[in-house]
Amino acid sequence: MDLEIVKFIQSGSNWFLDQFFSVFTHFGEEIFFICMFLILYWCVSYRYAFKFSLFYLTSVLFNNIIKLCVKRPRPWQASQLVDNKLQASGYSFPSGHSQSISCISTFIVYDVYKDKNNNKSTKVISLLIAILLCLIVGYSRMYLGQHYLTDVLTGFTLGVGIMLLLKYIESVLSKKERKPVNIEMIVSILSIVMLVLITLLQFKVFNVSLHAAKKIYRYSALLTSVSIGYILSIRLVKDVRLNIYLRLIKVAIGLIITFGLFAIFNMLVNNLFMYFLVILMIGIIATFVYPYLFNMIYCKLKKEEICKSV
């Protein structure tokens, strides 16, 4: 039945839909998460963005564990009648793209509804946009031949469920301790665990595929660099009040620098450990060096006395 649904969806394929879903499926990929994280980090709050990355990476971890346990082939691998419209590796169940977009959407919509300053229209619009994005991404995964309906529905359920569970745990711990949860300590510990893991991988203690190993190295570098950058930023980066136009400029310059550096240095990478070091370096630049220099230059140009340590 699952396979028949994918075949039915692909029966209406055409050039326009191929391009449309190939673009919108990226909203469930890592690059969308990274862009969202950087925007929140540079323009909203270091702590809020840091918490966002922790919750998201927790969801991704669960997704990959389930994939490795179930090992379900993708639809195009199961049947020659399914067209593989977009290259992808790894297993099918559950859909990582569907879980990611539902995870990100739940995190943001939850806080929009929780904020008493937001009116009813803002809350409803944010919910509708989130639902629409989730539906488009989920449908795109089936249209492109990468996932079954059960993969997508399970991904949605896990994304929403894990995020709500983490939000609930955070609220319980905060009330119990009468103060915000120490996110810095949690992620610092996780970073150490991930570093130990890639050290073991480096010495080939675990027998994993190249794809799985590269993903572990990537997430280890992201988590470690974000942890280092965040801890340095809250202590050393000056806090400035930027209007909407300056925020857009800050985001645009930051994204160009971040992805530009990755494009350049990624061409020089010839092994997994170098790949880890490149992402680690770029992550620290994005989360500490860039905001430090941008805010410092802004303070000097404006000669603002309100600039202070975060």
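## Cysteines

The structure holds 0 disulfides, a disulfide being a pair of cysteine sulfur atoms within 2.5 Å. Cys-43 is buried at a relative accessible area of 18%, and Cys-134 is buried at 11%. Buried means under 20% relative accessible area, exposed over 50%, and partly exposed in between (1.4 Å probe, protein chains only).

## Basis of the values

This is a predicted model, in which local features need pLDDT of at least 70 and side-chain atom pairs count only at pLDDT 80 or more, while totals for chains, interfaces and linings use all residues. Residues are numbered from 1 along each chain as its sequence is written, and side-chain values use heavy atoms, with hydrogens and water left out.

## Nonpolar surface patch

Tyr-113, Val-124, Leu-127, Leu-128, Ile-131 and Leu-135 form a nonpolar patch on the surface, and together they have about 520 Å² of accessible area (Shrake-Rupley method, 1.4 Å probe; for residues, only the protein chains shown count as cover). Patches are made of residues with over 30% relative accessible area and no salt bridge; like charges are joined within 9 Å, and nonpolar side chains (Val, Leu, Ile, Met, Phe, Trp, Tyr) within 5 Å. A salt bridge is a side-chain nitrogen of Lys or Arg within 4 Å of a carboxyl oxygen of Asp or Glu.

Helix α7 (residues 120-143) supplies the largest share of the patch, 5 residues. Helices (H or I, at least four residues) and strands (E, at least two) are DSSP runs, numbered from the N terminus. Leu-127 lies in α7 and counts as partly exposed because its relative accessibility is 34%.

## Second largest pocket

The second largest pocket has a volume of about 600 Å³. Its lining has 24 residues, of which Glu-30, Ile-34, Arg-218, Phe-262 and Ile-279 lie nearest the centre. At least two lining residues come from each of α3 (30-43), α4 (46-70), α10 (210-236), α11 (244-266) and α12 (272-302). The most, 7 residues, come from α10.

A pocket is an open set of points on a 1 Å grid over the protein atoms alone, with protein on both sides within 12 Å along at least five of seven lines; lining residues have an atom within 4 Å of a point.

The peptide bond from Phe-93 to Pro-94 is cis, with omega near -10 degrees. Pro-94 lies in the loop between α5 (75-78) and α6 (96-114). In the loop between α4 and α5, Lys-71 has a positive phi near 55 degrees in a residue other than glycine.

Met-1 lies in the segment before α1 (2-10) and is exposed, with 79% relative accessibility. Met-1 and Leu-149 are 148 residues apart in sequence and 9.5 Å apart in space, C-alpha to C-alpha.

Notes:
1 Å grid on protein atoms, 1.4 Å probe; cavity = no way out; pocket = protein on both sides within 12 Å on 5 of 7 lines; lining within 4 Å. Points joined across faces, edges and corners; volume = space filled by probe spheres on them.
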